[in-house]
Amino acid sequence: MTALSVALSAPAYAQQTGSTGTSAAAQQTDDFHGTEEIVVTAPYVERLDILSGTSAVSGDLLAEKTRAQLGDILSSLPGVSATSFSPGASRPVLRGYQGNRVAVLTDGIGNIDASNTSADHAVTIDTLTVERIEVLRGPAVLLFGGQAVGGAVNALDKRIPRAVPKEAVHVDALAGFGSAARDWSGGASVDVPLTDRVVVHLDGSYRNSDDLRTGGYILAPSLRAEVLDLAAEEVSEGHLDEAAEALELADQRGRIPNSAVKSWTAAGGIAFIDDGGNVGLSYSIYDTNYGIPARPGSGHAHGDGGEEEAPVTIGMRQYRFDFRGELDFGDGLFEKLRLRAGYANYSHTEFEGDEIGTIFNSKGIEARAEFIQNDRGGWRGASGVQYQSRNLDAIGAEAFVPPNKSRQFGLFTLQEFTAGNLDAEVALRFDTAELRADTLGISRSFNNVSGAFGVGYHIGDLKIGANLSRTGRAPAVEELFSNGPHIATQAFEVGDPLLKSERAWNGELYARYDTADTAFNLTLYSNRFDNFIYEAETGTVEDDLPVFQYFQNDAKVWGVEFQGSQNVARFGDVDLKIDAVADYTRAKISGGAANVPRIPPLRVLGGVELNGTRLDLRGEVEWSDAQTKTAPFETATDGFTLVNATATWRPFGSDRNVALIASANNIFDVVARRSASFTKDFVPLSGRDFRLSARISF
């Protein structure tokens, strides 16, 4: 197992660990797990959520929320939004942070893809066969790198089995259909014990979705007004054909052109498991093809004929090997040694129509070793090393980043103490990074020390506490070396090879209350950055594309997150529950009035649930405020209100191994746009979407 695992991980859903807001329906069993309530945990502690805020999605909720990309699955969790670049490319946004400030992990190590280098790159996590997705914050995130200021997202799969099934064959399967994109999807996994200690795993998935339908005009009001002005100008100049094209673009409704997604995955693994430890290997393939909706007016001329570019699509494939091992030491200082490693050969091609535009090839490896301490009088912890290496080559006339190599090495420790009602946590990490672009003759090295300290105190069912950390992040290769047109983002991207390490002081105050009927979590956080790195539009044009440049300045970020649930009444075996989520982030560049670009606004989500043995019903309303606190040249984002409803039927009652789920999302077909998205002005979110899903486990 990795640095993160699930101790009592029945396929279920808990917005925050420790919250008894989890319904009976969420306590779902299969042949691997009992019916205990889930607990998000690390292998070296009894509970990872001692000081860090933790959210998780699994089971029936994961089946209902499953989309092509990770970011769109998690966006209803507190403090979480999504980049929503297109239906085929969407990363999580945590507390306003995206890209390299959010660690996206597969079973505890990096995803070893290129999704952190650009918003148009897909996350190579198979959302149809993943077992559980966790969002982690607090001092423990330093286990995965000092750069993860926003937190970490960890997807747990079963490709290297963690347990031996009790039956001859164990099957998990999920199938679904969504109306908004005519989205057909299905995935299944099979686990077979060859002996009482050897397990073989196979899984695969397939998804095919059409262009996404939206609820109104595809272009945002400000962009649509610009296009209408252009049409009027063309009419006044007698260019009637050009005017007609502009009017057609301005009045475009319905489906977003070139937003379809097709993907498939296949994987196999084997593990040896006994009382002394375990060891396992897996091999997987992730393949996807998806469209990049065109930014109006950004098609730059190229070639001898000076014709505008054809629609851009991306074809991506990743081949990946994974290893996990664990050796038990017994009752000494160290309980066990855990090893985790992954190697990936990744390639994606950006097509302009049928022509190859740019090819990105990446080979990377990540490995970590952790010594887990036994609990001794309330003191426990983990210490280890981590290594990452990646070679990235971009080939083509529009390769916006040169061939580059990056190497990173880290040492870390996390120590936790419990004494009566007091909990304390201390984390320390040292990272060294080398980033080279040999064709430019540039090599940069960075050393960063990160540390964190947190305390929490229990007063009955209430826990209050504070976390303080100092983190350091080396610039990423695209922040340093970018310089050229990027056809997929439809922007001219400019880096700065002289960027310094980004450092931040981070503080949290929190209060958490948890009883059988009532639970809430309230967190206030503040981050003060030295040398904050951000990408912003400059207002200039290069090669007929808007210029986006990386800058560095001090910055201040603060925000609040709330989540609560209340069991209101019980009618026989049916519970009535209400719940709410609210979050807000404010981010400003120091020394002036400039705002950090692409920050989510105030958001409030409220729901009502009826949970029974066989049937669950839920209705919810999500309200997002307008975002007018924008960076220079960034457009404002209108507010919106979404109304959703879900019904989950378990025909076999308490066994809960079969669930049929019907949902209606955005019932009133409103136009919604995420302010965290580069493409929000011409890629709105889904319109009215009816979905049917079936989930089985036996």
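A salt bridge is a side-chain nitrogen of Lys or Arg within 4 Å of a carboxyl oxygen of Asp or Glu. Keep that in mind, because side chains of opposite charge can pair when their charged atoms come close. The model on your screen is a predicted one, and it holds 45 salt bridges.

**Stop 1: some salt bridges**

Select Asp172 and Lys158. Their side chains meet in a salt bridge, with 2.3 Å from N to O. Where do Asp172 and Lys158 lie? Asp172 is in strand S10 (residues 170-178) and Lys158 is in the loop between S9 and S10, so this pair ties together parts that are 14 residues apart in sequence. Are the two buried or exposed? Asp172 counts as buried because its relative accessibility is 15%, under the 20% limit for that word. Lys158 is buried as well, with a relative accessible area of 12%.

Now go to Asp328 and Lys336. Here the closest N and O atoms of the salt bridge are 3.5 Å apart. Asp328 counts as partly exposed at 28% relative accessibility, whereas Lys336 is buried at 11%.

Next, pick Arg618 and Glu609, another salt bridge, whose closest N and O atoms are 2.7 Å apart. Glu609 is buried, with a relative accessible area of 14%.

Finish this stop by selecting Asp107, Arg162, Arg320, Asp322, Arg324 and Arg340 together. Salt bridges that share partners join these residues into one network.

**Stop 2**

Most residues other than glycine have a negative phi. Asp107 is not a glycine, yet its phi is positive, at about 55 degrees. You will find Asp107 in the loop between S6 and strand S7 (109-110), and it counts as buried at 2% relative accessibility.

Move along to Ile112, in the loop between S7 and S8. Ile112 is also a residue other than glycine with a positive phi, near 55 degrees. Its relative accessible area is 14%, so Ile112 is buried.

**Stop 2: the nonpolar core**

Which residues touch the most other members of the largest nonpolar core? Select Leu70, Leu74, Ile133, Val153, Phe529 and Phe532: of the 30 residues in this core, they are the ones. Color the elements that give two or more residues to the core, among them helix H2 (70-74), strand S8 (132-136), strand S9 (151-156) and strand S28 (518-542). S28 gives the most, with 4 residues.

**Stop 4**

Zoom in on Phe409, which is found in strand S21. Phe409 is partly exposed, with a relative accessible area of 34%.

**Stop 3: a negative patch**

What gathers on the surface at Glu226, Asp229, Glu233 and Glu237? Select them and you are looking at a patch of negative charge. Glu237 lies in the loop between helix H3 (221-236) and helix H4 (240-250). With a relative accessible area of 45%, Glu237 is partly exposed.

How values were computed:
Residues are numbered from 1 along each chain as its sequence is written. This is a predicted model: local features need pLDDT of at least 70, side-chain atom pairs count only at pLDDT 80 or more; totals for chains, interfaces and linings use all residues. Side-chain values use heavy atoms; hydrogens and water are left out. Patches are made of residues with over 30% relative accessible area and no salt bridge: like charges are joined within 9 Å, nonpolar side chains (Val, Leu, Ile, Met, Phe, Trp, Tyr) within 5 Å. Accessible areas come from the Shrake-Rupley method with a 1.4 Å probe; for residues, only the protein chains shown count as cover. Lys and Arg count as positive and Asp and Glu as negative; His and the chain ends are not counted. The place of a charge is taken as NZ of Lys, CZ of Arg, CG of Asp or CD of Glu. Buried means under 20% relative accessible area, exposed over 50%, partly exposed in between (1.4 Å probe, protein chains only). A nonpolar core is a set of buried Ala, Val, Leu, Ile, Met, Phe, Trp, Tyr and Cys residues joined through side-chain atoms within 4.5 Å.
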